Amino acid sequence: MPDVFVNYRTGDEESAATMIARELARRFGAERIFFASNSIELGHRFPTELVRAVEECEALLAVIGPRWAEVLGVDGRPALEAEQDWTRREIQTALDRGILVIPVLVGKATRIDRAALPDGLWELADCQYRRFDHRNAESDLTALGDALARLLPDLGAVDRDARAARERGEAKSRQKPAQDVGHTRMRTRDVEQRVRGGIGNLNGDLSGTFVNEPHGPVNTGRGHQYNAPHFQGDNTGVQFTAGDNSSTVRQRFERERRRSDDGR
């Protein structure tokens, strides 16, 4: 059973009706959109199929272009005036059923003139319409599809564009934690490189100034600074500085020890 019946008049904006039907079929599924030239199987009786579809659909789109009321029938009179005109009959059936009828005004078509409509179609002039312009086809088709998805819950449940948008949002939310982990790993590698490189500042959970394998005295800030490792014991004030200055360190250590012995 189709949800949306696309009504149009031959000789007036068939191309717009085709674009609308094709886009809605892509978004909601071809089985949910009735478009006579595509939906009626070969050999099937079109009067029967048209009546069945318009009596079962949930909404009818009346595609109306500038010539919609002017196209002539076989008798030379405006086709809209004939009671057996299929375009007229489809719209009238939908109005009588009380379903959603949406006029889609194409191009230069203006608001529907109630005085130009035959009996039984006057209500069409009161229906809120939507415009469609070939120059803005993409945005106009999207807006029309969004409106139908909102107004018809069964269509909204199978909306392929909405599902794709949700999947993109879910994928983006999954990528964010992965990006955070990657950023943390980069910061960890940066700290490790700084430690291996010598002297620098640690950021993040670690703080302060570090000295790695200095070669000689290093001043890293205000106050007393010592090159690691620094030992302090009974011989207060004795400093041991690691690095290549081993001979100097031994000489200073011996002098301090002798001074301590002489003082006892």
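Modeller: Helices (H or I, at least four residues) and strands (E, at least two) are DSSP runs, numbered from the N terminus. This is a predicted model, in which local features need pLDDT of at least 70 and side-chain atom pairs count only at pLDDT 80 or more, while totals for chains, interfaces and linings use all residues. Residues are numbered from 1 along each chain as its sequence is written, and side-chain values use heavy atoms, with hydrogens and water left out.

First, some background. The protein has eight helices and seven strands. Of its 264 residues, 32% count as buried (under 20% relative accessible area; exposed is over 50%, and partly exposed lies in between, with a 1.4 Å probe and protein chains only).

Most residues other than glycine have a negative phi. Glu13 is not a glycine, yet its phi is positive, about 60°. With a relative accessible area of 22%, Glu13 is partly exposed.

Next comes α1 itself, which covers residues 14-28, and its partner α5, which covers residues 137-151. The axes of these two helices come within 10 Å and cross at roughly 55° (axes are lines fitted to C-alpha atoms, for helices over the stretch in contact, and angles run from 0 to 180 degrees between N-to-C directions). The crossing of α1 past α5 is right-handed, a word used if the near helix is turned clockwise from the far one by less than a right angle, with left-handed for anticlockwise.

Who makes the contact (heavy atoms within 4.5 Å)? From α1 come Met19, Ile20, Glu23, Leu24, Arg27 and Phe28. On the side of α5, the residues are Ala137, Leu141, Thr142, Leu144, Gly145, Asp146, Leu148 and Ala149. Sorted by class, this contact of α1 with α5 holds nine nonpolar, two polar and three charged residues (Ala, Val, Leu, Ile, Met, Phe, Trp, Tyr, Cys and Pro count as nonpolar, Asp, Glu, Lys and Arg as charged, and the others, Gly among them, as polar).

Ile20 deserves a stop of its own. Leaving aside its neighbours within four places in sequence, Ile20 is in contact with Leu61, Val63, Val104, Leu141 and Leu144. Ile20 also belongs to the largest nonpolar core, which has 26 residues (such a core is a set of buried Ala, Val, Leu, Ile, Met, Phe, Trp, Tyr and Cys residues joined through side-chain atoms within 4.5 Å). Ile20, Val4, Leu24, Leu61 and Leu148 are the residues with the most contacts inside this core. Two or more residues each come from β1, α1, β3 (59-64), β4 (100-106) and α5. Helix α1 gives the largest share, seven residues. Apart from this core there is a second, separate one of 25 residues, which includes Phe5, Val101, Leu121 and Ala125.

Ala36 lies in helix α2 (residues 36-39), and at 25% relative accessibility Ala36 is partly exposed. Although Ala36 and Phe5 are 31 residues apart in sequence, their C-alpha atoms are 8.8 Å apart in space.

Terms used. Contact means heavy atoms within 4.5 Å.
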